[in-house]
Amino acid sequence: MLENIFSDPTFQFVLFSAAKIAVVFGVVMTFVAYAVLVERKVSAAIQDRVGPNRTAPPLALKIPVLGRLLQRWGMFQPMADGLKFILKEDFTPAYVRTVYFWLAPAIAVIPAFLTLAVIPFGSTLGSQKMVIADLNVGILYTFGIVSLGVYGIVLAGWSSNSKYPFLGGIRSSAQMISYEIAMGMSVVSLFLIVGDLNLMNLIQWQADHGWLVLYQPVAFVIFLVSAFAETNRLPFDMPESESELIGGYHTEYSSMKFALFFLGEYANMIASSAMMVTLFFGGWSLPWLGKPAETLLGGLVHIGIFIAKMIVLMLVFIWVRWMLPRFRYDQLMDLGWRRFIPAALANIVATALGVALLNR
Amino acid sequence: MSNAVTTAPAPTAPPPVEKIRIKVDGRDIDVPKLMPDWQGKLVPTTMLQACQMAAQEVPHYCYHPRLPIAGNCRMCLVEFGTPVMDPATKKPVLNEDGSTKIARSVLPYEPQTPRGAIACATPISPGMELYPSSPATKQMREAVLESLLINHPLDCTICDQAGECKLQEYSVQHGQAQSRFVEPKVHKPKAVDLGPRIVLDDERCILCTRCVRFTRDIAGDDALGIVNRGSYNTIATAPGKQFDNNYSLNTVDICPVGALTSKDFRFKMRVWFLKETKSLCTSCGTGCNITIGSRENVLHRFEPRDNDAVNGSWMCDSGRLNYPWIGRADRLQQVQVRGQASDWGTALGEITTHLRNASDGSVAIIASARQTTEELYLLRQLAVRVGALTDSVEREGEADRLLVHSDRNPNSQGARLTGIAYTEIGISIPSIADGIRSGKIKTLIVFGEDVTKCGIDAGLLGKVGTLIVSDILPNATTAVAHYLLPGCAHAEKRGTFINAKGRVQKFLKAVEPKGDARPEWEFLAELTKSLGAVDGFSTIEGLFNRMASEVPALAGVEWSKLGDHGVNVPV
Amino acid sequence: MTKVVDRSPLNFYERTYLPALMEGFKITARHFARSVQGKNTATDLGDGYYPEVPWRVAEGYRGAPYLVSDQDGATKCVSCQLCEFICPPKAIKITPPGPEGQGADRPNAEKMPREFEINMLRCIFCGLCQEVCPEEAIFLQQHYSLTGLNREEMIYNKEKLLKLGGVHPGIQKWKHKLEEARDQESFPVKVD
Amino acid sequence: MPQLTDLLFYAFAGMTLLFGFLCVANPLSRNPVTSAMFLVLTIISMAGLFVLLHAFFLAAVQILVYAGAVMVLFLFVIMLLDLKEEERRKLNKVAVGLGSLAVLGLAGVLVRVLAGATPLIAAGSKPVEGSTRELGRILFQSYLLPFEILSILLLVAMVGAILLSKKELK
């Protein structure tokens, strides 16, 4: 009876999916926590500071050399931060629209994680494809989900019943809608070349023919910049720009609800990086490592390659934050609508012509 | 407005005044030839008054509109010119362009130097030209101020006058940034004890003699004078005399510098922190207008406020110092029902039920003529509703020549006009006492009085079935009250008093009441509303206007027409 | 001389944001590289990091305001309350001596505050109190790191402020005046 | 598997209907933002139904276009206008009556049409894979003219909108 169930493909599908979801979720959460640390450390280095270097549980300091080293690197800081978020007073201001006020942080986080479902973070591990949902419209799914992310911010801004969050929410909705168009158009050219929307196949194509960033540098630049706008990170952090809007949409939030917005932002950053790795940098493949893995070790190596590429891109995200000042809002809109959308359209036409001519 | 009400003590229809045309800073202006002096006598208009009419402020120290003119500070020096008269024809000489030729005043021995005249004491003449902002006038002021400051100690940091000091103000306007006087200053006695309420700092004194003139001519107690000579001039009391008349603190107000300071207010609070609230003195029936100085809910001082119809610029010391009780620690702050702490809702609810069931004639009300007219009116409505006997308590004292009235209640007229007391205050109290003795009066309502001191002794009070008391400070009556309702001092609420001469004047709130205490009119309005006697009122304005429409003597008066100085009603 | 800032329109290359980007990369990369090698401003100064090694504040640094005493150890403040008046965050609260209060602890000054409190949680170290003080009795000193375990602890009273403020010699104008008055001998000088 | 998909179908269908109903007639809240949010949920539930039909492309576009773009703009406008009156307004009985009548009429027509219709896909046959490639082919070969006409229509609408939103017509 039990064996029957285990051999049932449906059951296996559910079981392995659940396992993959759990692992990906765990890894991403850890990534978020340490991305914050890296952000703080990198920013400190860029600004001639040292960054977090004090937090450590007393027990960890007992470890001879490593304990001190970990403390200096701030390795325990994310734990302290998390603990602090949980323990802080969860304050709901008067006159907010309570339901939406509570819902908004959740809505902001969920899409960021859902996006990760279609990212192929490795080739195969044993019999399993290293992607949670192998959809043949993968990229469209991603865009669909990403487009929902704006609701969290808009609702947070509106429900706070306060002018700065409201302005932040309004700015963010306009910004995200604008850049989604440019972003979506930039990837069309990729699929014109590859001829498939499935991300697994996209990576395989790149493994065979070389990374798409070499074929489509314009598309990559547009995608990269749009990703900054979509994740609300500097230089496009208008929705939360603290010098003008205090904290934008999360001004009124505290404790874990605030942490969820934070988590959402970093999860979005991770998702964007993963997406870029998949779309432009050959995913799990390296120029000489193009075959889907046959051994367990090979599979793990592929996952490692994917994560390494992702980390590099995230470092770019972090670096840019400390490099560029915030755009003015009209310049941001101008860049989105009057530069990127025409550029992406031109890129599509050029690519289509190229593909048509070459295939003839 | 009916004829019954007259605003202000109508400057009895001024007789057609002869006007003189003069020029002030080149502008033509017609000024009356004669103006009343400090005693009301008509005397020639001075240059200072003319400048004031032309909206040109002339700085001055010794001049005070309510004091005789001394003309000794020289601060009001103004350059002027007079028309040149042809000695033969006695007609003004004209310039070539047809205008009158003006001779600017100059020093006789130095014709190129302008000469000023003390504006406070120089009468104007037709065709005169005044130059209150000419360079020469400015220079004269600067020079006078510099000389006044030569021996001034410049201890503004420890001077109570700082902030309302004419020396400071004029130094800013007309002074110099740096003193050219490098020699040691003449030092004079500091912190001299002039009397029980006054401290003198001789170094700060500029010898304007305002205080000397006030105490001689207004207070009629010739106690002060100037002794010694030259740089050693000082103000002093006559030998063997104390400066202790009941108006001495007015000299602190009129002292333009910090020479005379009040012992009561000494080092208490810097004046620029004080919130000024227009109010009234409650010490007698005169109803002097005062300004309350308070900061952060603490009263710091009372000062007289100008009102020609009542107190001029003055008030007596006893009234001025009659404020510390408002901040006393033993103020009643807790609503009590039979000795137990309670709250307003409970207490008023029980009182309402009790009064509703009280039989006609079983209730008596003893109000206080220290309460506001509105409160007395509400109490009267309450009395009409329950058929109660009402009266208030008389408080007699000795009157003086100037301001103090023999009636020490601030609102006796209010008690009479609202019907709380009949023609004479206090004549019904014996019949109330009889009623209690005979058992006819079972409920006694007392507001703001200790009835044990006025005919209803403690034993008799014990016979009262229900004793409802509202007061501010504890006394023998509040100690035995069944219902104790803490009320407010006049500085803690708004309302009106009607003074002995029938002037309705309003006062405003300076500080918050302590603890549970509430303005009496507020809870009386609730009580009378729940008893169906009067509609509820949430504002004093509405209540006053309602009262004015019902009390015949107040017909036509409205809160908004009271102004800062009040209106007269027939009494 | 007015300086004319050149605001010529950007050329196409500049409008691509690329030169600005490159500049940003260069600067941040330089600092990053330096920091990774363990060098930064703090190590350049050779001190170390803040909590262990307090900042070396510059001369004239304006930290917390404290009351000072004169060279005879007397309170300089005469309770004129100008600082209380000027204080933008209303951090200063002075209780004047009042009519019955004790006089100053130095001759001739007549007056000194009964209580002088600065709420350091409110204080913004703006220095207006020092600026306005006619007696040179309050100075912004070099303390910048004020800590306490509760709000009450952060309200510094007169005693504490005087202790922290220390001695600040001055011209001692009240003493000077007293000596001058004694020399004149025209009026008996009362000294309490 | 069939059981699971059936279950999911009923779940999504039920959600679509429920959220659709709550969108137009929410007994708890008359806040326009709530209505808009329920419309978003309706759209997402419908996308779920499309997925069950293996029309992945349609599902993704449904969410991307309607939930992700159109409804955000709706929300945007609702929030900016701050429709407080809407929350206070009472139900107009005449409108409710007429509306119900219209709905009933439409439902009647639908039922009659559906009763006479034959299933497009015979039961048991393999469902059509909603591949993007095939969709594109159909769109750009069989239905090219209608597609282009629609494009022109949208372009006209867009130009019109821009023209109308310009304050000054020169």
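This is a predicted model: local features need pLDDT of at least 70, side-chain atom pairs count only at pLDDT 80 or more; totals for chains, interfaces and linings use all residues.
Let's start with chain D. Of its 170 residues, 21% are buried. And if you take the contacts in chain D with a separation of 6 or more, 65% of them join residues 24 or more positions apart.

Now, who does chain D sit against? I'll take the interface with chain A. The contact uses 25 residues of chain A and 26 residues of chain D. The area buried between chain A and chain D comes to about 2200 Å², and carbon and sulfur atoms give 76% of that. On chain A's part, L140(A), Y151(A) and W158(A) supply 25% of the area that chain A buries against chain D, more than any other three residues. What about salt bridges between chain A and chain D? The count there is zero. For polar contacts, the rule finds two residue pairs across the interface of chain A and chain D, both at pLDDT 80 or more. The elements of chain A that give two or more residues to this side are α7 (138-159) and α8 (163-194). The largest share, 11 residues, comes from α7(A). By class, the side of chain A that touches chain D has 17 nonpolar, six polar and two charged residues.

Next, chain B with chain C. Here the contact takes 29 residues from chain B and 26 residues from chain C. The buried area is about 2200 Å², with carbon and sulfur atoms giving 60%. T157(B), H187(B) and F267(B) supply 32% of what chain B buries against chain C, more than any other three residues. This interface has two salt bridges. For one to look at, go to R266(B) and E110(C), whose side chains meet in a salt bridge at 2.7 Å, N to O. There are also 10 residue pairs in polar contact between chain B and chain C, both at pLDDT 80 or more. And the side of chain B that touches chain C divides into 12 nonpolar, four polar and 13 charged residues.

On to the cores. The largest nonpolar core has 82 residues, and the ones touching the most other members are I139(A), F223(A), F236(A), M276(A), L279(A) and F280(A). Helix α13 (residues 255-280) of chain A gives the most to this core, with 12 residues. Zoom in on I139(A): leaving aside neighbours within four places in sequence, I139(A) is in contact with V187(A), F191(A), L197(A), L199(A), M275(A) and L279(A). There's a second, separate core of 54 residues, which includes V58(B), I124(B), L200(B) and V212(B).

Now salt bridges in general. Over all chains the count comes to 51. R21(B) pairs with D30(B), with the closest N and O atoms 3.1 Å apart, and D30(B) is partly exposed at 37% relative accessible area.

Then there's E164(B) with R301(B), at 3.0 Å between the closest N and O atoms. This pair links distant parts of the chain: E164(B) is in the loop between α2 (135-149) and α3 (166-174) of chain B, R301(B) is in strand β19 (residues 298-304), and they are 137 residues apart. E164(B) is partly exposed at 28%, while R301(B) counts as buried at 9%.

E375(B) is in helix α8 (residues 373-386) of chain B and K493(B) is in the loop between β26 (483-486) and β27 (495-498), so the pair ties together parts 118 residues apart in sequence. Buried or exposed, what are E375(B) and K493(B)? E375(B) is buried at 0% relative accessibility, and K493(B) is buried at 5%. There's also a network of salt bridges linking D155(B), K190(B), D201(B), E203(B) and R204(B).

Last stop, T75(C). T75(C) lies in the loop between β1 (65-67) and α4 (82-86) of chain C. Its relative accessible area is 5%, so T75(C) counts as buried. The side chain of T75(C) makes a polar contact with the side chain of D105(C) at 2.7 Å. Not counting residues up to four places away in sequence, T75(C) touches D105(C), R106(C), M112(C) and L162(C).

That's my tour; happy to take questions.

Notes
Residues are numbered from 1 along each chain as its sequence is written. Chains are lettered from A and ligands numbered from 1 in the order in which they are written. Side-chain values use heavy atoms; hydrogens and water are left out. Helices (H or I, at least four residues) and strands (E, at least two) are DSSP runs, numbered from the N terminus. Buried means under 20% relative accessible area, exposed over 50%, partly exposed in between (1.4 Å probe, protein chains only). A polar contact is a pair of N or O atoms within 3.5 Å; within protein, one must be able to donate a hydrogen and the other to accept it, and residues adjacent in sequence count only if both atoms are side-chain atoms. Contact means heavy atoms within 4.5 Å. Buried area is the accessible area (1.4 Å probe) that two parts lose on being put together, summed over both. A salt bridge is a side-chain nitrogen of Lys or Arg within 4 Å of a carboxyl oxygen of Asp or Glu. Ala, Val, Leu, Ile, Met, Phe, Trp, Tyr, Cys and Pro count as nonpolar, Asp, Glu, Lys and Arg as charged, and the others, Gly among them, as polar. A nonpolar core is a set of buried Ala, Val, Leu, Ile, Met, Phe, Trp, Tyr and Cys residues joined through side-chain atoms within 4.5 Å.
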